[in-house]
Amino acid sequence: MFKFLCLGSGSSGNCYCLWTEHGCIIIDAGLGMRTIKRHFQAYGLSFHNVLAVLVTHDHADHIKSVGKLAADFNIPIYATRAVHEGINKNYCVSPKVHEEHQRYIEKDAKFTVGDFNVTPFDIPHDSTDCVGYHVEAKGITFCLMTDVGHITERVRSEVEAANYLVLESNHDKEMLMEGPYPAYLKDRISGPMGHLSNNEAAQVLGESAGPNLKHVWLCHLSEENNHPELARKTVDAYLRSLGIVAGVDFQLDVLKRRVPSQIYELHNEQLLLDM
């Protein structure tokens, strides 16, 4: 058993859950604590089964509840040293993450939490520091990359390696440029340390998706500069132009900002064949 659930994805708050029969890890906890508790209760999840919270970076929509999770449920918080420093300087985090709950990680250094073998890797973004997560469990490779300023060779290699992939598709470039945002913000979002556009997400999938990719979830969509169906259609159309058919070659879904996803069961087809 290896399952995935998204509780929220976007600037309103990000929170992703992975679990096996032996425990759960959370990636980012940017929703309010009451919201996380409500969703856990609705899905029959227990905080006592949470082994760790892994943090991508120190922006508020990714860290809002890390201090409460650590303090209330004795959950360790894994992040780079720079991100931990950023968390404890961020006004939105209360209480802070105390030293006994801090776990320091390094990019490209694998660590193990329960059934999960985790490798953080560099993601370009205008935060204090930023990582994506390559997670292996049950013979399955799950990768999460959010807040991606631009496509790097490492991002490409992670797309190629993934069986299951959460990838940012933040904005439609035309909507962003014609929208109401001030020029400096448009430049920041579309710049090399900002966010990935629908077209950029489509391009890296088309160029780098490996033969064992089974499911892609587009994440961190902008409320003002994107739309779920637009993101899906943009990616789908580009893939079709390359002869790749979403729904046939791999599944393609869009994660919503404020509405949790269904629970997805992640399977290793080779393991199923061997049973």
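Visitor: At what angle do helix 8 and helix 9 pack, and how far apart are their axes?

Guide: This is a predicted model, in which local features need pLDDT of at least 70 and side-chain atom pairs count only at pLDDT 80 or more, while totals for chains, interfaces and linings use all residues. Residues are numbered from 1 along each chain as its sequence is written, and side-chain values use heavy atoms, with hydrogens and water left out. Helix 8 (residues 198-208) and helix 9 (residues 228-241) pack at about 35°, with their axes 9 Å apart; axes are lines fitted to C-alpha atoms, for helices over the stretch in contact, and angles run from 0 to 180 degrees between N-to-C directions. Helices (H or I, at least four residues) and strands (E, at least two) are DSSP runs, numbered from the N terminus.

Visitor: Which residues make that contact, and what classes do they belong to?

Guide: With contact meaning heavy atoms within 4.5 Å, the residues of helix 8 include Ala 202 and Leu 205, and those of helix 9 include Val 235 and Leu 239. By class, the contact has 7 nonpolar, 5 polar and 1 charged residues, where Ala, Val, Leu, Ile, Met, Phe, Trp, Tyr, Cys and Pro count as nonpolar, Asp, Glu, Lys and Arg as charged, and the others, Gly among them, as polar.

Visitor: What makes the buried residues of helix 1 line one face?

Guide: In helix 1 (residues 33-43), Met 33, Ile 36, His 39 and Phe 40 are buried, that is, under 20% relative accessible area, whereas exposed means over 50% and partly exposed in between (1.4 Å probe, protein chains only). Their directions from the helix axis to the C-beta atoms fall within an arc of 130°, so they line one face of the helix. On the other side of helix 1, Arg 34, Gln 41 and Ala 42 are exposed, and the cover over the buried residues includes strand 1 (3-8) and helix 3 (66-73).

Visitor: Why are strand 7 and strand 13 called edge strands?

Guide: Two strands pair if DSSP finds at least two bridges between them. The open sheet has 7 strands in the order 7-8-9-10-11-12-13, with mixed pairing, and strand 7 (111-113) and strand 13 (251-254) each pair on one side only. Strand 7 is joined to strand 8 (residues 116-122) by 3 bridges, running antiparallel.

Visitor: Where do the two helices lie on this sheet?

Guide: Helix 8 lies across strand 11 (164-168) and strand 12 (215-219), at about 150° to strand 11, while helix 9 lies across strand 12 and strand 13, at about 155° to strand 13.
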